[in-house]
Amino acid sequence: MRILLLCSSFNGLTQRAWLELRRAGHDVLVELAVSPEAMTEAAELAKPDVIICPFLKERVPSELWRNHRTVIIHPGPPGDRGPSSLDWAITDGESEWGVTALQAVEEMDAGPIWGYRTFPMPLSAHGEAPRKSALYNGPVADAAAELVMEVAAKAGDASFVPEPLDYRSPEVRGRLRRAMRHSDREFSWEEPTEDILRRVRAADGAPGGRVSLCEQPVRVFDVYRGPDLTGTPGRVAARREGAVLVHTGDGSIWVGHVRLEQEGAIKLPATMALGELVAEVPQRSGYSEITYDRSEGVGVVSFDFYNGAMSTEQCRRLSSALRYAASQDTRVLVVRGGEVFSNGIHLNVIEASRHPELEAWMNINAINAVCREIVGCSSQLVVTSIGGNAGAGGVMMGLGADRVIIRDSVVLNPHYRTMGLFGSEYWTYVLPRRVGGEHARRLTSQALPIGAADAVECGLADKALAGTRLDFERRVLEYAERLAADPGYDRLLTGRRQVREVDERRKPLDAYRAEELAEMSRDMFDDRGGFRQARRDFVQKVKATATPEHLARHRELSGASATAGADASHM
């Protein structure tokens, strides 16, 4: 079938839908909803069998849904309506939530139902309210991906008729909820810790919890329960690794990220955003983005950086942790990412720095040091555990291991071009080593996502495992334990060392690094590829004015092949 994906942005969920539909054999086109005219024109040109909207904030023009079957993937159970569904679900402490595929009609979210999925609301690691991004990227994305495939199947069934929305039905338990207002995001530090966590996590990602901190109006993000301290609510008690510890009505909360309520301000690590206001605050343990755990045979370095962005300081801490882990007497080292595995260098920190180009240069060198620890580890076998999406240098960072294990729902973007960069992280060594030179060039030049199944087939990853992220991490650990106990372990480790020695004689890692950094210096300091503007647009969340060139080119190629196929069928 020919399917048009209409979306507000080509985000992780839309990429996953695009990948899974194409893998099922459908001809899939993507169009950003930049204007009603662009949406209508895209449908007229594509002539799709069905339009699916996996992530759409804009209203579908009546001309579009009247002339084309258009299905919205709504992040709420049947009957739920409104633009703040996940925010309300977390705020109200819903025990069950869902995703519904519904046909676009005049009244928003009120169309007939094509299908739905429900699931228990997940909890954080400490049994607390989930972060909105974790809810969206976890069970919501999994349910939405299933529904996209179901919609495609039903669109090909001439006998299928969607069910009208009927609030008398026992399956319809949702309701119309208004959009959240600024006042719904506000809280006081005098409130209980549990209430603050819920309020902020319902707004995490965007727009953040609204409060005053250090007498500054701010938006706060990335919060975690702190120790049971007594003190003046709202006072900053400590800092650590970019976060600040703030007294609450009955304890304390670690605040990882802050955005000042100022024109042009961007989301930053809390200590960077608050600057001199917290410079004299004492350091305190109890908060860490990086941990190390070990059994007899397996060591695990876990890191969970907010949105997968890795600043210079975070990279330096991770390099130190990897060096320490490699020096232990374990036999296998597991390198485990968080909700997002990694997206490479930290563009927000770079943009906010006094000298952005210099900070970018320091950042790329620091992340290269992380990659070097993984590639160069000769004392243990290394396994990377990719349980969340990854992009750019974050993908390349994971490829230096002996085994790359990926969760089956993960989407990878192994390229840099859309940010105007050549890239580093030893990608010119690790990527061709896994997929071959020609395929490496194709992945980096086309700048398109790749799913877990395709990653395994082309050699980018070694194994894809199903399950929730916790199930996935448990299975990776079991795999690492078996590898550590493998009777052929010594042979495998010797083989790793020999391969690395042969590769080093052929071309040293330092040579790959020097060549990549020579290209990156032109990108970062001379701005030959538009990195400065691309970075600025990214951190300021500038809305696209047209479908990106690499997606539009893929659309044109798809259209050309479809036309050729139609011509051939009439010969």
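**Close-up views of a predicted model**

**View 1. A salt bridge between glutamate 186 and arginine 210.** Glutamate 186 forms a salt bridge with arginine 210, and the closest N and O atoms of the pair are 3.4 Å apart. Glutamate 186 belongs to the loop between helix 6 (182-185) and helix 7, whereas arginine 210 belongs to strand 7, so the pair ties together parts that are 24 residues apart in sequence. Glutamate 186 counts as partly exposed because its relative accessibility is 37%, and arginine 210 is likewise partly exposed, with a relative accessible area of 26%. The structure is a predicted model, and the distances given here should be read with that in mind.

View 2. Strand 7 and strand 8 (residues 216-225) are paired in the antiparallel sense over five bridges, with valine 211 standing opposite valine 218 in strand 8. The two strands form a hairpin with two residues between them, and in the turn cysteine 214 has a positive phi of about 55°. Strand 8 is also joined to strand 11 (residues 252-260) by seven bridges, again in an antiparallel arrangement, and here tyrosine 224 has tryptophan 254 of strand 11 as its bridge partner.

**View 3. The surroundings of aspartate 204.** Aspartate 204 is located in the loop between helix 7 (193-201) and strand 7 (209-213). This residue is buried yet has no salt bridge, the nearest side chain of opposite charge being that of arginine 131, 4.3 Å away. A polar atom of the aspartate 204 side chain does, however, lie 2.9 Å from the backbone nitrogen of aspartate 222. When residues up to four places away in sequence are not counted, aspartate 204 touches Arg131, Lys132, Phe221, Asp222, Val223 and Tyr306.

**View 4. The surroundings of aspartate 80.** Aspartate 80 is placed in the loop between strand 4 (70-74) and helix 4 (85-91), and this residue counts as buried because its relative accessibility is 1%. Leaving aside neighbours within four places in sequence, the residues in contact with aspartate 80 include the charged Asp109, Arg175 and Arg177, together with His74, Ser85, Trp97 and Gly174.

View 5. Six strands make up an open sheet of mixed pairing, in the order 13-14-15-16-18-21. Its edges are strand 13 (290-294) and strand 21 (463-465), each of which pairs on one side only, and the twist from one strand to the next averages 20°. Within this sheet, strand 14 (residues 298-303) and strand 15 (residues 332-336) run parallel and are joined by five bridges, with glycine 299 standing opposite leucine 333 in strand 15. Helix 17 (residues 489-506) packs on the sheet, where it touches strand 15, strand 16 (381-386) and strand 18 (403-407), and the direction of the helix makes about 85° with that of strand 16.

**View 6. Further salt bridges.** In helix 16 (residues 469-485), aspartate 471 and arginine 474 lie three residues apart, about one turn of the helix, and they form a salt bridge whose closest N and O atoms are 4.0 Å apart. Aspartate 471 is partly exposed at 32% relative accessibility, as is arginine 474, with a relative accessible area of 42%. Lysine 507 forms a salt bridge with glutamate 515, for which the closest N and O atoms are 2.8 Å apart. Salt bridges that share partners also join Glu351, Glu357, Asp527, Arg532, Arg535 and Arg536 into one network.

Terms used
Residues are numbered from 1 along each chain as its sequence is written. This is a predicted model: local features need pLDDT of at least 70, side-chain atom pairs count only at pLDDT 80 or more; totals for chains, interfaces and linings use all residues. Side-chain values use heavy atoms; hydrogens and water are left out. Helices (H or I, at least four residues) and strands (E, at least two) are DSSP runs, numbered from the N terminus. Buried means under 20% relative accessible area, exposed over 50%, partly exposed in between (1.4 Å probe, protein chains only). A polar contact is a pair of N or O atoms within 3.5 Å; within protein, one must be able to donate a hydrogen and the other to accept it, and residues adjacent in sequence count only if both atoms are side-chain atoms. Contact means heavy atoms within 4.5 Å. Two strands pair if DSSP finds at least two bridges between them. Axes are lines fitted to C-alpha atoms, for helices over the stretch in contact, and angles run from 0 to 180 degrees between N-to-C directions.
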